[in-house]
Amino acid sequence: MQKMQQLIHFSLALLMVSGCSATKQVQNIVSPPAEDAVCCTRYQDVYWTPLNANDDIKLKIDSSSPVRHFSSGRSYFGAFQFSPRSGTVKLTLKSLVFHDQIFMPTLVFLDADYHPQKTFQIDSHQLRFSDVFETDRLEQSYQINAEQTPYLIIFTQPNQVGKTITIPHPAKRRAIEDGAPLPIVTDISVTTGYQGSLTMSVATESIRQHALQQSLPTSGNRTMVNRPISPKPDVKSNSWQHTAPPQTESTHYYQSAIEHAVSHHDIAKALALLDEAKTLRIPNIQQTFIHAINTMQAEKCGK
């Protein structure tokens with residue numbers, strides 16, 4: 001009986017330690033920026049990254065990003081200025097799953113005098129699953145009049161932080177598409193946080209057709225306010241990859257699926273499965289594909 005009580009106490013201690021560790025990990029993800037890190041109170045003082053008329057950028061919003069106190073609370077942010085050549089713009093923003101974390105963006109478009117005009121919130125309804133070309137992500141496109149709203153600021157709201165989004169495992173999604181038995185795999189859970197990896201695509205669909213608006217004069221005189229010309233922040237190109245080791249069931253699934261596709265001469269599907277498996281870092285999957293091709297050719301020669 002005494003040994004049983006000791007075992008129970010030991011198990012409870014382990015649960016408490018693991019619970020504390022998990023709590024600390026979540027706190028690291030959802031901790032807001034420090035109040036003394038706030039860089040500016042006026043939009044005029046923000047550094048605005050100039051965008052080209054057609055542009056593709058990658059951006060890390062993290063502890064090195066500027067901080068502002070928005071009406072919803074403090075947040076790291078990115079600030080951008082559309083090209084003066086742009087009239088109508090198609091803006092596509094993607095927030096990528098990275099290290100089991102994702103950034104839930106809020107977009108605010110401002111006029112030439114830095115007055116907010118439009119606000120959009122990306123949420124989990126805009127979730128797009130990984131494919132051969134891209135990772136899991138939030139994605140949304142917008143039609144913007146860059147003449148009326150030449151400035152864009154991206155941040156997250158505190159009430160959007162700390163939530164969990166469940167993403168079905170790629171092997172399960174593939175099985176559902178193919179009508180195959182569901183593999184025994186664990187779905188992916190990601191946490192919304194104050195930091196994240198984003199990509200943004202800007203496509204000018206119509207050039208500007210009106211003169212640039214003048215800046216708002218300062219109070220008490222007619223001196224024009226000089227808008228700061230912002231140097232571009234570091235938008236290094238990064239490759240985002242799955243970091244968790246593949247599950248055994250996933251390995252078996254992709255191996256058998258590739259062999260089945262090749263045996264039925266569906267090479268296009270086999271290649272798509274091969275690329276998807278490589279993204280998930282399935283071991284020896286290239287050899288599986290080659291072996292399946294060689295087997296198919298040997299069967300042809302035998303006939």
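Colleague: Which side chain makes a polar contact with that of threonine 92?
Modeller: In this predicted model, the side chain of serine 141 does, at 2.9 Å.

Colleague: What else does threonine 92 touch, leaving out residues up to four places away in sequence?
Modeller: Besides Ser141, threonine 92 touches Glu139, Gln140, Thr199, Met200 and Ser201.

Colleague: Is threonine 92 buried or exposed?
Modeller: Threonine 92 has 12% relative accessibility, so it counts as buried, the cut-off being under 20%.

Colleague: Which strand holds threonine 92?
Modeller: Strand 6. That strand covers residues 86–96 and runs antiparallel to strand 15, residues 196–207, with 10 bridges joining the two.

Colleague: Which residue of strand 15 is the bridge partner of threonine 88?
Modeller: Serine 206.

Colleague: What is the strand order in the sheet?
Modeller: The order is 2-15-6-11-10, an open sheet of five strands with antiparallel pairing. Strand 2 (54–61) and strand 10 (127–128) each have a single partner strand, so one side of each lacks a neighbour in the sheet.

Colleague: Changing topic: how many residues are in the largest nonpolar core?
Modeller: There are 34. Those with the most contacts inside that core are Phe80, Phe82, Leu91, Leu107, Leu152, Ile154 and Met200.

Colleague: What is isoleucine 154 in contact with, neighbours within four places aside?
Modeller: The list for isoleucine 154 includes Ile61, Tyr76, Phe77, Phe80, Leu93, Phe103, Leu107, Leu198 and Met200. Gly78, Pro105 and Thr106 are also among the contacts of isoleucine 154.

Colleague: Which residues are in the other core?
Modeller: That core lies apart and has 19 residues, among them Ala171, Ala175, Ile258 and Ile282.

Notes. Residues numbered from 1 in each chain as written. Predicted model: local features only at pLDDT ≥ 70, side-chain atom pairs only at ≥ 80, totals over all residues. Heavy atoms only, no water. Pairing = 2+ DSSP bridges. Helix = DSSP H or I, 4+ residues; strand = E, 2+ residues; numbered from the N terminus. Buried < 20%, exposed > 50% of the residue type's maximum accessible area, 1.4 Å probe, protein only. Polar contact = N/O pair within 3.5 Å; in protein donor to acceptor, adjacent residues only side chain to side chain. Contact = heavy atoms within 4.5 Å. Core = buried A, V, L, I, M, F, W, Y, C linked by side-chain atoms within 4.5 Å.
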